[in-house]
Every structure is written in C-alpha cells, then in structure tokens.
Amino acid sequence: MYTQALNQKDVAPAAGPAEDPERLARFEARVAAEDKIEPNDWMPAAYRRTLTRQISQHAHSEIVGMLPEGNWITRAPSLRRKAALLAKVQDEGGHGLYLYAAAETLGTSREELVDQLLSGKAKYSSIFNYPTLTWADIGAIGWLVDGAAIMNQIPLCRTSYGPYARAMVRICKEESFHQRQGYEIMLTLARGTEAQKAMAQDALDRWWWPSLMMFGPPDAESAHTDQSMRWKIKRFTNDALRQQFVDATVPQGHFLQLSFPDPELRYDEEAGHWRYGAIDWEEFRQVLAGNGPCNRERLEARRRAHAEGAWVREAALAHAAKRRARRAAERQAAE
Ligand code: BYC
C-alpha cells in the first residue's frame with residue numbers, strides 16, 4: 001500500500017531502455033563472480049541509478065544525522081562526554097563526504113545531490129526526524145541507531161560497487177566505536193540514580209520502534225530489495241537485518257535492566273530468535289512523507305547551513321582558480 005507513496009519521487013530509479021544483452025550478461029557474470037564493479041566499467045543504467053539513489057540517501061542521512069546529536073554538544077554532562085560527542089558528530093560529517101564522493105563516481109555531481117536533499121526530493125533516514133529531548137537520547141542513538149546502522153552497513157563492505165564497498169570499511173570501524181560509546185552512556189545512566197534510570201528507560205521507549213523502521217519496509221513491500229540482492233548491492237533483505245538487530249540488541253537491553261516497549265517481545269526457543277510485535281508502518285509512511293516530528297526543522301537547518309556556507313564555497317573556488325592561474329603562469333615562464 002505505502003510502496004506506491006514511497007516511490008513517487010522522481011529521484012527513484014525508472015525503467016530505462018533495454019540494455020545490450022551481451023554486455024548485460026558479462027556484467028551479471030562479473031557480479032556473480034564477486035568482481036567489484038568500478039566507475040569506468042560498463043554497468044546497466046538501472047544499476048547506476050539505484051546505487052546513486054542509495055549512496056546519496058546514505059550520505060544525506062549522515063549529514064542530517066549530525067543535527068539531533070549536535071543539539072547536545074553544548075549540554076553534554078562532562079568534558080569527556082563533550083569531546084566524544086564532538087568527535088562522533090565530526091565522524092558523521094566525514095562519512096557524508098566519503099559517500100558523496102563515492103556517489104559522484106557514478107556521474108552525478110555533489111551539487112546536484114545536495115540540491116536533491118535541500119529541495120526535499122531525496123530521502124534520508126527516517127530516524128533523524130525524531131527529537132533528542134534528553135541526554136539519554138544521545139546514549140540511545142549511539143546504542144540503537146548506530147547499532148542498527150552497523151547491522152545494515154557491515155554487509156555493504158561487500159557490496160558489488162567498489163567505491164561504495166571501500167568507503168564502508170572505514171565508516172563501519174567508526175560506527176562500531178559510536179555504538180559502544182552510546183551503550184556506555186546507557187550503562188552509566190541505567191546504573192545511576194532513579195531519575196537517571198527513568199531517563200534511560202524513556203529514551204529506549206521512544207527510540208526502539210523508530211530504530212526498527214530504519215531497516216526499511218517489510219520485504220514484501222520493498223520496491224528495490226529483489227533487484228538489489230541480485231546485483232549484490234544488498235546482501236541481506238530488510239527483514240533479515242531487522243531480525244539480526246533485534247536478536248543482538250534485546251540481550252543488551254536486558255543487561256541494562258531496561259524493558260522494551262513491546263508487550264509481544266518473546267524468545268522463540270525453536271527458531272532461536274526474539275519475536276517482536278507489529279511495527280507501525282503508518283508512522284513510517286508519515287515520516288517519509290515529510291510529516292515526522294522534526295522533518296521541517298531538519299531540512300530548514302540544512303538549508304540555512306548551506307546558505308550560510310556559500311561564502312566558504314565561493315572562497316574555496318576563488319582560491320583554487322588563483323592557484324590554477326599561478327601554476328599556468330609558472331609553466332609558461334618555464335617553457
Ligand atoms: N528512511 O525498496 P526499499 C546513518 C525508502 S544510518 C527513509 O527497501 P532499499 C547514521 C527507500 O530509500 C542511516 N527512507 O529501499 C547513523 C526507498 O525509497 P526510494 C543511513 C527509507 O534502498 C548514526 C523506499 O523507502 N543508512 O547513516 O532497497 C548516526 C523503499 O524501500 C528508509 C543507509 O542509508 C528509511 N529508514 O532499502 C549518523 C544505509 N527505508 O528511493 C548516521 C544504506 C527505506 O525508492 N541504505 N526507505 O524513493 C540501505 O541499506 C537501503 O537503502 C535501505 C532501504 C535498507 C535503507
């Protein structure tokens with residue numbers, strides 16, 4: 001039902017003209033043989049489009065993902081917490097830059113990709129449209145949001161497109177540190193005063209379901225999963241990764257002596273999995289449609305930052321032009 005609404009944007013891949021069957025067969029054989037596809041290799045137009053879509057959405061998520069945490073840099077409870085949070089947010093800016101660079105190798109300029117974000121055409125992760133109300137939210141984001149991000153991104157280190165796979169290696173190393181610092185914040189709060197425990201519980205209550213939504217719609221409704229699995233862009237389906245995340249995270253929550261906001265959560269001995277209750281996909285659809293709690297605020301913040309940074313871009317371009325002119329003059333003088 002909601003896939004229709006999810007796919008109406010014109011940045012989504014559209015069916016293109018038929019590809020040359022011989023080239024297509026060679027490409028598919030390379031993918032099947034686990035060869036990495038590189039920027040100058042031939043690739044089907046739809047492969048290029050879906051990768052540009054996924055990598056740029058991923059880059060936008062990193063950049064927008066700096067905002068909810070950035071909100072707490074000035075209010076972190078100690079110098080150590082402040083330094084760690086500052087470094088984490090900076091890492092996310094770096095991840096965005098590697099990912100824009102990887103997306104650019106597919107032929108769309110960074111300016112165009114950023115315009116798609118700022119105009120509201122491109123998606124970014126639903127999770128970043130929720131507010132960070134207390135310090136415990138910074139713990140919950142590290143533990144749950146980075147935990148979910150790692151679960152989804154470790155397999156992307158083996159994705160079939162070389163530049164994306166290589167960018168993911170460093171990103172995953174940093175994400176795993178982020179997850180641990182978040183869990184450590186939760187552990188400190190959960191072992192603290194009653195008020196601190198209540199704050200940690202409240203954060204888990206608010207971030208649990210949105211974290212499960214990060215993995216995307218259920219497989220039966222996912223527009224791109226089948227094709228992306230065939231092209232080895234995705235290595236696992238949305239539901240498979242969501243289940244892996246639940247299985248890894250529930251025992252961590254129990255260790256914190258916190259409870260999950262899901263009365264149906266139970267361990268299925270036979271299957272060896274934690275079974276969870278129904279996800280509110282209407283909430284997900286609303287967030288993707290721009291009606292989440294913070295969608296407008298997030299885009300507004302990005303637009304403002306882009307406008308306020310215009311002079312930096314202009315100065316960098318002017319500097320590069322000067323250097324080019326100086327080098328050209330030096331070359332001419334040497335000839
Ligand atoms: N939010 O066919 P589907 C992070 C869209 S973590 C918004 O299953 P696909 C970070 C989907 O794009 C977050 N939109 O798509 C952590 C598609 O829309 P279009 C970023 C979503 O691509 C901590 C439509 O729904 N991670 O960065 O096969 C701090 C149908 O879905 C969402 C990544 O981006 C969502 N949650 O699978 C800071 C990882 N889910 O394009 C930062 C890379 C789905 O047709 N991306 N949609 O209009 C992926 O692995 C895949 O793109 C997804 C979706 C699993 C997210």
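How many nonpolar, polar and charged residues make up the lining of the largest pocket? The lining divides into 10 nonpolar, 2 polar and 5 charged residues, where Ala, Val, Leu, Ile, Met, Phe, Trp, Tyr, Cys and Pro count as nonpolar, Asp, Glu, Lys and Arg as charged, and the others, Gly among them, as polar. Please keep in mind that this is a predicted model, in which local features need pLDDT of at least 70, side-chain atom pairs count only at pLDDT 80 or more, and totals for chains, interfaces and linings use all residues. Residues are numbered from 1 along each chain as its sequence is written, and side-chain values use heavy atoms, with hydrogens and water left out.

**The largest pocket**

- The largest pocket holds about 530 Å³ of space, a volume being the space filled by probe spheres set on grid points that are joined across faces, edges and corners.
- A pocket here is an open set of points on a 1 Å grid over the protein atoms alone, where a 1.4 Å probe fits, with protein on both sides within 12 Å along at least five of seven lines; lining residues have an atom within 4 Å of a point.
- Its lining has 17 residues, and Arg-110, Val-114, Arg-302, His-306 and Arg-313 lie nearest the centre.
- Two or more lining residues come from each of helix H4 (66-70), helix H5 (79-104), helix H6 (110-118), H13 and H14; helices are DSSP runs (H or I, at least four residues), numbered from the N terminus.
- H6 gives the most to this lining, with 6 residues.

**Where H13 meets H14**

- Helix H13 (residues 295-308) and helix H14 (residues 310-334) have axes that come within 4 Å and cross at roughly 40°; axes are lines fitted to C-alpha atoms, for helices over the stretch in contact, and angles run from 0 to 180 degrees between N-to-C directions.
- H13 and H14 are therefore oblique to each other, since angles under 35 degrees count as roughly parallel, over 145 as roughly antiparallel, 65 to 115 as roughly perpendicular and the rest as oblique.
- His-306, Ala-307 and Glu-308 of H13 make the contact with Ala-310, Trp-311 and Arg-313 of H14, contact meaning heavy atoms within 4.5 Å.
- By class, this contact has 3 nonpolar, 1 polar and 2 charged residues.

- Thr-108 sits in the loop between H5 and H6 and is buried, with a relative accessible area of 16%; buried means under 20%, exposed over 50% and partly exposed in between (1.4 Å probe, protein chains only).
- Setting aside neighbours within four places in sequence, Thr-108 is in contact with Thr-52, Ala-103 and Leu-113.
- Gln-243, in helix H11 (residues 238-255), is buried at a relative accessible area of 12%.
- Beyond neighbours within four places in sequence, Gln-243 is in contact with His-273, Trp-274, Arg-275 and Tyr-276.
- Leu-189 belongs to helix H8 (residues 162-190) and counts as buried at 6% relative accessibility.
- Not counting residues up to four places away in sequence, Leu-189 touches Trp-135, Ala-136, Gln-196, Lys-197 and Ala-200.
- Leu-189 and Trp-135 are 54 residues apart in sequence and 9.6 Å apart in space, C-alpha to C-alpha.

**Positive phi in two loops**

- Most residues other than glycine have a negative phi.
- Glu-34, in the loop between helix H2 (21-32) and helix H3 (45-64), has a positive phi near 65° and counts as partly exposed at 41% relative accessibility.
- Lys-232 has a positive phi near 60° and lies in the loop between helix H10 (225-230) and H11.
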